[in-house]
Amino acid sequence: MTNQNPKLLESKIAEVKRLVKERIQLHVNDPRITDYGEKLTEVIGSDLITAKAILNAIDQDELFWVSEVFENISAKLQSRSFVLFLMELDQKYPEIHMEGEIKYAKLVIGWKDS
């Protein structure tokens with residue numbers, strides 16, 4: 001989706017917000033958590049531009065919940081640019097503490113820290 005269709009992007013943002021809202025309601029041991037993770041990964045990880053646009057459009061609380069699937073999105077996108085973007089979000093929202101999720105997002109693409 002390099003030529004972003006604004007209506008499609010808007011609908012994807014709304015879907016992510018809906019999925020996060022539903023995910024928050026689940027008990028920590030609910031097996032459906034995996035289903036929500038897969039759905040979020042599918043919607044957000046369709047391509048790099050879309051992923052960045054969606055993550056920029058959601059609020060801090062929603063970003064916290066989406067951070068659960070950073071590793072999966074990273075694996076799907078296979079993009080250093082995505083991981084760098086996650087690092088920028090981590091600096092913007094340090095209170096979310098996304099370092100662990102970013103570490104695993106790096107691992108799945110073979111990121112080597114120098």
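A nonpolar core is a set of buried Ala, Val, Leu, Ile, Met, Phe, Trp, Tyr and Cys residues joined through side-chain atoms within 4.5 Å. Buried means under 20% relative accessible area, exposed over 50%, and partly exposed in between (1.4 Å probe, protein chains only). The model is predicted: local features need pLDDT of at least 70 and side-chain atom pairs count only at pLDDT 80 or more, while totals for chains, interfaces and linings use all residues. Residues are numbered from 1 along each chain as its sequence is written, and side-chain values use heavy atoms, with hydrogens and water left out.

**Core**
- The largest nonpolar core has 34 residues, and Val16, Ile44, Leu55, Leu63 and Val66 have the most contacts inside it.
- Two or more residues each come from α1 (6-24), α2 (33-44), α3 (48-57), α4 (60-66), α5, α6 and α7; helices are DSSP runs (H or I, at least four residues), numbered from the N terminus.
- Beyond its neighbours within four places in sequence, isoleucine 44 is in contact (heavy atoms within 4.5 Å) with residues including Val16, Leu55 and Val66.

**Helix α7**
- Ile102, Ala105 and Lys106 are the buried residues of α7.
- They lie on the same side of α7 because they cover an arc of only 100° around the axis, taken from the directions from the helix axis to the C-beta atoms.
- Their cover includes α5 and α6.

**Loop residues with positive phi**
- Most residues other than glycine have a negative phi.
- Glutamine 78, not a glycine, has a positive phi of about 50° and lies in the loop between α5 (70-77) and α6 (80-92).
- Histidine 97 has a positive phi of about 60° and sits in the loop between α6 and α7 (99-107).
- Glutamine 78 is partly exposed at 47% relative accessible area, whereas histidine 97 is exposed at 54%.
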